[in-house]
Amino acid sequence: MGGIKWLVIFVFLSICSQAATQSAIEVSLFSATSKTVILRWTRYPGAASYKITTALKSSPENPIAFTTFGPNTVMGSISFLSQGVSYNFTVEALDMSQNTLSSASIETSTAPDMMDPITTVKPKDSRTLIVEFNMKPGTTHYIIRIMNTNGFFREDTVSSSPAEIEFLSPYTEYSLSIMAGNNAGRSQPSSPVVAKTVLPPPELSTSSPSNDSIIVSWASVAHAVQYTVSIFKFGFNSQMKHNITNINLTIPGLVAGSIYVFKAFAWDPEGREGENSVYVNQTTRPPTPSSVNVSVEVNDNVPGLSVSWQLDQDVYGPVEYYVRSDRGITCNTTSDSCVLSAVGCGEVHTIQVTASNDAGPSLPSTAVVFITFPCPPESLALVESSEGNCTLTWNTVAYADSYVAFIKNGDGNEEACNTTNNNCTFHCSCGYTYLMSVLAFNLAGGSPPGEVLNYTTVPCCPEEVLVSAVSTDTLEIMWTASRGAELYETRAAERSEVILCNDTAPVCALSDLNCDSSYTVVVTPCNEIRGCNRACKAHTKDTAPCMPTNLQLNPKNSSSISVSWTVNNRAANYTVSADGDGSKHTCSSSGNSCDITELPCGSTYEFSVIATSAAGQSLPSYSASLETEPCCPGNLAVDQVTQAMTNVSWSHSKGAHSFITSLTSSRGHASCHTQDSHCLMGCITCGTNYTVTMQAFSHSGRMSNCTYQGFSSSACCPSGIRLYRLASNSLQVYWRSTSSSHSSIAKILGSTSNYTCTASPGENSCEIGNIECGDVYHVTVAPLTPDGSKVLFCPQRLFSVTCSGSNVGTVIYRGKRSV
């Protein structure tokens with residue numbers, strides 16, 4: 001039957017082959033068995049037949065068999081060979097004469113012989129069988145044929161024994177046979193053996209419903225009649241096994257927060273163990289946190305609750321802790337503390353801590369009730385007593401165990417008052433601004449800063465108050481600046497009159513007061529916040545005496561003045577002052593008048609009166625001026641200017657404003673009234689003795705009578721002056737004499753020459769010789785004074801003297817000229 005199959009193949013190949021176009025025949029191995037080798041070659045043109053010669057590889061020169069094929073055959077088999085032996089095959093293309101046209105050789109081996117049946121088959125897991133077989137020499141690989149109930153399944157190539165057959169179906173029966181293979185081919189399959197895979201592994205699912213138990217569950221495994229579950233505690237060698245028919249198992253009594261390892265397998269009806277499941281790790285829920293402690297913690301001015309607890313060092317793996325307050329705030333952490341933020345004052349929190357790992361949360365810890373720090377006290381108020389004590393009060397605060405009041409004054413000094421009540425008393429001084437705050441405390445700590453009460457005590461009364469009178473109607477009050485005062489109100493009261501002064505400086509002048517009066521002065525400190533301190537003591541001060549009035553001056557003589565005034569003070573002494581010309585004269589009296597004496601002439605004095613008492617001095621009275629009689633000039637001179645006019649001059653006269661000077665004689669009277677220190681006085685008679693007097697007047701009209709040495713006027717100037725020509729070029733001057741007691745002098749003044757002649761008393765002419773003619777002469781004749789000087793005011797006469805030849809000719813009178 002097998003030969004028919006091969007014949008069909010050969011015929012088919014012969015029909016389908018085409019003529020080869022290559023120049024040489026080529027041969028290749030098509031297949032080989034342990035007894036037969038099938039070769040394939042290319043068609044060679046002109047070949048009448050093909051011949052295959054077989055020889056052992058070890059003896060290629062000694063053919064052991066040959067076979068021929070027709071010209072249309074390109075594939076042929078060589079049978080009856082030995083298994084696993086190497087042969088040399090030569091294919092020759094022959095012509096009709098059996099000559100070789102082309103040839104080609106190939107070396108190959110026969111396939112191994114059929115294997116022994118598989119010796120052992122055992123399951124490795126539910127999808128893998130391990131097979132063991134006897135290995136055959138000369139074999140390079142092995143083919144295991146696998147068949148299931150449906151027939152052929154697949155073939156797996158393996159290299160050695162034992163070998164694993166993978167990717168099978170769980171709990172399935174297989175028929176297994178083995179073939180040996182080398183490069184030439186494979187052997188016939190061995191006798192089959194039957195094997196069955198085991199049950200598949202359960203797919204475990206675990207959870208920890210509590211911190212001391214784990215639930216293991218799985219889906220039912222088909223054909224399983226029982227399950228075995230093994231449990232290991234991580235890090236320990238011991239294990240526990242549980243055989244059950246259910247598909248879940250609860251394992252109690254475990255250690256909280258520990259990791260456990262699980263595996264399981266199913267038993268089939270044949271009593272075989274199925275494949276083990278993969279190891280599954282499961283951690284029990286962590287232990288419930290213990291020793292929970294709560295305190296207040298402030299971060300960045302935000303208060304929170306710091307919650308801490310005891311950590312169990314034996315807990316496996318990461319654990320997260322969840323802290324929750326019944327007021328809805330939470331925090332998470334992996335450490336042993338966390339902060340619930342933010343919390344407010346006066347809150348009651350019920351706090352529990354829950355530990356969680358990948359198994360789930362633990363039971364919450366025992367609830368801790370925590371009261372936060374109290375809220376700050378409100379409605380701060382202060383009551384100030386007159387004894388210098390202040391009481392600070394506030395409203396009580398829920399959950400507060402105690403209070404601390406902080407009082408800071410303007411100097412920066414601070415004091416604290418601890419109390420369990422809602423008030424605190426402390427010493428408060430005047431003039432301070434106090435900043436007060438109150439904190440409430442409980443076991444959680446102090447309240448946040450709350451209301452700050454700003455309270456200013458009344459300003460302090462000024463010290464070292466000094467009241468002094470600076471004038472009759474002004475009191476100056478000075479004091480040391482007092483603490484807390486921004487403004488001072490100074491009040492001076494006298495009967496129904498009140499004078500006020502407001503200023504920020506520690507000094508005040510109260511003016512427009514009544515003189516010679518007693519005032520009650522109070523300095524009251526004030527500020528904007530507290531107003532004024534009306535409890536400061538008063539000071540009494542008298543103003544200075546009133547100014548004397550109605551000053552009257554009554555001259556008693558040239559150097560004495562009686563001064564009187566009106567008395568208008570309760571009790572005072574009076575001093576009269578006369579000031580003038582750099583000197584001062586005074587007199588004193590407790591009455592209303594006194595005399596000032598020894599005043600010098602020619603002076604002007606200002607008179608005033610001042611009243612003096614223990615309170616001070618009054619203003620000077622309105623002054624009154626009085627001039628003493630002017631002084632008489634020390635020197636007076638009378639100079640005769642013309643025959644009928646004199647110039648009277650005198651030295652300075654202190655206090656004199658104008659003068660009346662008089663010249664008196666039996667022959668007449670002359671006077672002048674002037675403010676100058678000289679005057680011209682006419683109507684003087686020549687040759688007459690005069691009495692000289694003067695009246696000096698002050699500005700106010702006071703007069704002094706002054707008498708001086710008498711004055712005699714000069715002799716009268718000659719009149720009727722004539723000039724006569726004499727012989728020998730001489731001239732005679734002639735005049736009418738007015739006095740026989742004076743000598744006279746004549747002067748003739750020409751343009752080129754001057755001439756003088758003198759006449760003794762009683763004479764009225766004189767001669768001048770050697771006169772030059774042809775000139776105009778000024779002729780003056782004047783009496784001589786007793787001291788021999790010429791009277792200067794006598795008039796000149798003008799004469800022309802002509803020439804007659806070289807002698808004096810005619811003398812011509814040309815008129816009178818003044819001096």
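Mentor: Arg570 counts as exposed, at 56% relative accessibility; here exposed means over 50% relative accessible area, buried under 20%, and partly exposed in between, with a 1.4 Å probe and protein chains only. This is a predicted model, in which local features need pLDDT of at least 70 and side-chain atom pairs count only at pLDDT 80 or more, while totals for chains, interfaces and linings use all residues. Residues are numbered from 1 along each chain as its sequence is written, and side-chain values use heavy atoms, with hydrogens and water left out.

The side chain of Arg570 meets that of Asp516 in a salt bridge, at 3.3 Å from N to O. The criterion is a side-chain nitrogen of Lys or Arg within 4 Å of a carboxyl oxygen of Asp or Glu. Arg570 lies in the loop between strand 47 (560–566) and strand 48, and Asp516 in the loop between strand 42 (507–510) and strand 43 (518–527), so the pair ties together parts that are 54 residues apart in sequence. Strands (E, at least two residues) and helices (H or I, at least four) are DSSP runs, numbered from the N terminus. Asp516 is buried, with a relative accessible area of 13%, whereas Arg570 is exposed. Side chains of opposite charge can pair when their charged atoms come close.

Asn573 has Thr612 as its bridge partner in strand 51. Strand 48 also pairs with strand 49 (residues 583–589), in the antiparallel sense and over seven bridges. There, Val576 is the residue whose bridge partner in strand 49 is Cys587. Strand 48 and strand 49 form a hairpin with two residues between the strands, in which Asp581 takes a positive phi near 50°.

Glu489 and Arg534 form one of them, their closest N and O atoms being 2.6 Å apart. This pair also links distant parts of the chain, 45 residues apart: Glu489 is in strand 40 (residues 487–494), and Arg534 is in the loop between strand 44 (531–532) and strand 45 (538–542). Glu489 is buried at 11% relative accessible area, while Arg534 is exposed at 54%.

Lys196 and Glu270 form another, with their side chains meeting at 3.4 Å, N to O. Lys196 lies in strand 14 (residues 193–196) and Glu270 in the loop between strand 20 and strand 21, so parts 74 residues apart in sequence are tied together. Here Lys196 is partly exposed, with a relative accessible area of 25%, and Glu270 is partly exposed at 45%. A network of salt bridges links Arg145, Glu155 and Arg186.

The loop that holds Glu270 also holds Ser277, between strand 20 (259–267) and strand 21 (280–283). Ser277 is buried, at 6% relative accessible area. Leaving aside its neighbours within four places in sequence, Ser277 is in contact (heavy atoms within 4.5 Å) with Pro201, Pro202, Leu204, Lys263 and Ala264.

As for the whole, the protein chain has one helix and 68 strands. Its radius of gyration is 84 Å, well over the 28 Å that the globule rule gives for 819 residues, so the chain is more spread out than a compact globule. That radius is taken over C-alpha atoms, and the rule is 2.2 Å times the number of residues to the power 0.38. Along the principal axes, the C-alpha atoms fill a box of roughly 235 × 105 × 35 Å. Of the 819 residues, 42% are buried. Among contacts between residues at least 6 apart in sequence, 58% join residues at least 24 apart.

The chain exposes about 41400 Å², with carbon and sulfur atoms supplying 48% of it; accessible areas come from the Shrake-Rupley method with a 1.4 Å probe, and for residues only the protein chains shown count as cover.

Key
Two strands pair if DSSP finds at least two bridges between them.
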